[in-house]
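Here is a short report on one protein model and its ligand. Look through the structure, then read on.

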Amino acid sequence: MTVDAPTIVATEDTLSAAMKKGSAVEHEQAEGSTFMSALLDGRMPAAGYVAYLRRLRPIYAALESTAAALADDPIASKVVDPALNRLATIDTDLAHWAPESTDDVLDSPAAAEYTARVNASAEWPGAFVAHHYTRYLGDLSGGQAIGRILDRNFELDGAGIAFYAFDEVGKVKPYKDAYRDQLDKIGETLTADERARLVDEVKVAFRLNQALFAELSQLFPS
Ligand code: HEM
């Protein structure tokens, strides 16, 4: 994976602001990706969504096993929260969408690369926090709208979208605010170089998501 020149993080920014600003372009690209557009416009077949869920599975397995391994780490523990765990909800949704095919071997270079990067983030909790933020805060943000749109497009009546329901999190807005406060506390413990490295890892995480979407739109041209 190519990485651009290191991000210049304005020292007056809190870490949460630096992460959001530092990935704003990547976020826009993810929103505008062919796969996401097709999914949200109702042009993606159900098989395309199943393929997405199947790719998310190893990625969240890696996020959640790394979270467990880093549960006592002073940095990672500020954001790790089992209430966020998505692996069981992915399995619930896969059982709904594709009950017959869950044992197939997954052939996805994009998911394999993303999973490897998350596993490698165990070596530095700052990198892990970058991956944690990119997926879970995304799921608690745009993800909430995506779940509602899927429900409507596929006429699901609430079935098969457990992934977007954070039953144990409570109200999403205060949770996200508290999460950002924790990021800012982490930021206060890092050097400027470490903060820049963490923001760069957020960009890497977004690009890995983009690669996943690119793989899916090749498999399911819409
Ligand atoms: C069509 C797809 C998407 C839409 C419509 C969308 C929409 C949004 C919106 C409206 C917010 C702001 C919510 C708020 O401030 O409370 C947000 C935040 C966020 N999104 Fe997305 N998003 C999409 C895709 C993605 C993807 C693919 C990722 C990464 C995997 C992602 C990661 C994030 C993150 C990390 C935030 C939190 C930003 C922050 O406050 O620091 N989003 N998204």
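## The nonpolar core

A nonpolar core is a set of buried Ala, Val, Leu, Ile, Met, Phe, Trp, Tyr and Cys residues joined through side-chain atoms within 4.5 Å. Buried means under 20% relative accessible area, exposed means over 50%, and partly exposed lies in between (1.4 Å probe, protein chains only). This is a predicted model: local features need pLDDT of at least 70, side-chain atom pairs count only at pLDDT 80 or more, and totals for chains, interfaces and linings use all residues. Residues are numbered from 1 along each chain as its sequence is written, and side-chain values use heavy atoms, with hydrogens and water left out.

The largest nonpolar core holds 66 residues. Met 19, Tyr 49, Tyr 52, Val 129, Leu 150 and Leu 198 have the most contacts inside it. Helix α4 (residues 46-69) gives the largest share of this core, eleven residues. Helices (H or I, at least four residues) and strands (E, at least two) are DSSP runs, numbered from the N terminus.

Which residues does Tyr 52 touch, leaving aside its neighbours within four places in sequence? They are Phe 35, Met 36, Arg 135, Leu 212, Phe 213 and Leu 216. Contact here means heavy atoms within 4.5 Å.

## A buried loop residue

Ser 33 sits in the loop between α2 (24-31) and α3 (34-40). Is Ser 33 buried or exposed? Its relative accessible area is 8%, so Ser 33 is buried. Beyond its neighbours within four places in sequence, Ser 33 is in contact with Gln 210 and Phe 213.

## Iron and ligand

The ligand carries an iron atom, and its single donor from the protein is His 27 (NE2), 2.1 Å away. Donors are N, O and S atoms within 2.8 Å of the metal (3.2 Å for Na, K and Ca); water is not among the atoms, so sites may look incomplete. His 27 belongs to helix α2.

Around the ligand there are 19 residues; His 27, Leu 40, Tyr 133, Lys 176 and Arg 180 come nearest. Near means that a heavy atom of the residue lies within 4 Å.

## Helix α9

Helix α9 covers residues 172-189, 18 residues in total. At 1.5 Å a residue, α9 should span 26 Å, and its end C-alpha atoms are 26 Å apart, so the two agree. The expected span is 1.5 Å times one less than the number of residues.

The buried residues of α9 are Tyr 175, Lys 176, Tyr 179, Leu 183, Asp 184, Ile 186 and Gly 187. They pack against α1 (15-22), α7 (125-139) and α10 (192-219).

Thr 134 lies in helix α7. At 9% relative accessibility, Thr 134 counts as buried. A polar atom of its side chain lies 2.8 Å from the backbone oxygen of Ala 130. Leaving aside neighbours within four places in sequence, Thr 134 is in contact with Val 202, Ala 205, Phe 206 and Asn 209.

Arg 152 is found in helix α8. Its relative accessible area is 61%, so Arg 152 is exposed. Arg 152 and Thr 134 are 18 residues apart in sequence and 25 Å apart in space, C-alpha to C-alpha.

How values were computed. A polar contact is a pair of N or O atoms within 3.5 Å; within protein, one must be able to donate a hydrogen and the other to accept it, and residues adjacent in sequence count only if both atoms are side-chain atoms.
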